[in-house]
Amino acid sequence: MSPATKAMVEGGVGDRTAQAIKNLSAVLEEAGSSLGNVVKVNVFLSDMTNFAAMNRVYESFFGDPKPV
């Protein structure tokens, strides 16, 4: 969901994944933390054909080692 419009992000799974991680990052930064401190992420997909698109975006936000 876009904080600016309060609407679902247009586009595919990759676009929605990017927005979700940006939202999480904003919450963490407001609390004095960052994505670099994330140790675990749960991802739920309704269709595994979306995995590759989600994973490409996921990898672009998290450094090594990636959260489990």
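## Basis of the model and overall make-up

Helices (H or I, at least four residues) and strands (E, at least two) are DSSP runs, numbered from the N terminus. On that basis, Pro65 lies in the segment after H2, and the chain has 2 helices and 0 strands. The structure is a predicted model, in which local features need pLDDT of at least 70 and side-chain atom pairs count only at pLDDT 80 or more, whereas totals for chains, interfaces and linings use all residues. Residues are numbered from 1 along each chain as its sequence is written, and side-chain values use heavy atoms, with hydrogens and water left out.

The C-alpha trace spans about 30 × 30 × 15 Å along its principal axes. Of the 68 residues in the chain, 24% are buried; buried means under 20% relative accessible area, exposed means over 50%, and partly exposed lies in between (1.4 Å probe, protein chains only). Contact means heavy atoms within 4.5 Å. Among contacts between residues at least 6 apart in sequence, 46% join residues at least 24 apart.

## Packing of the two helices

Two packed helices are described by the angle between their axes and the distance between the axes. Here, the axes of H1 (residues 13–30) and H2 (residues 51–61) come within 8 Å and cross at roughly 30°. H1 is therefore roughly parallel to H2. Axes are lines fitted to C-alpha atoms, for helices over the stretch in contact, and angles run from 0 to 180 degrees between N-to-C directions. Angles under 35 degrees count as roughly parallel, over 145 as roughly antiparallel, 65 to 115 as roughly perpendicular and the rest as oblique.

The crossing of H1 and H2 is right-handed, meaning that the near helix is turned clockwise from the far one by less than a right angle. H1 contributes Val13, Gly14, Thr17, Ala18, Ile21 and Lys22 to the contact, and H2 contributes Ala53, Met54, Val57, Tyr58 and Phe61. By class, this contact has 8 nonpolar, 2 polar and 1 charged residues. Ala, Val, Leu, Ile, Met, Phe, Trp, Tyr, Cys and Pro count as nonpolar, Asp, Glu, Lys and Arg as charged, and the others, Gly among them, as polar.

Phe62, in the segment after H2, is buried at a relative accessible area of 6%. Leaving aside neighbours within four places in sequence, Phe62 is in contact with Ile21, Leu35, Val38, Val41 and Pro67. The C-alpha atoms of Phe62 and Gly36 are separated by 7.0 Å, although these residues are 26 apart along the chain.

Ser2 belongs to the segment before H1 and is buried, with a relative accessible area of 15%. Beyond its neighbours within four places in sequence, Ser2 is in contact with Ala7, Val9 and Gln19.

## Salt bridge and backbone geometry

A search of the whole structure finds 1 salt bridge, defined as a side-chain nitrogen of Lys or Arg within 4 Å of a carboxyl oxygen of Asp or Glu. The side chains of Lys66 and Asp64 form this pair, at 3.1 Å from N to O. Lys66 is partly exposed, at 29% relative accessible area, whereas Asp64 is exposed, at 70%.

Most residues other than glycine have a negative phi, and most peptide bonds are trans. A cis peptide bond joins Asp64 and Pro65, with omega of about -5°. Lys6 has a positive phi of about 60° although it is not a glycine. Lys6 is situated in the segment before H1 and is exposed, at 60% relative accessibility.
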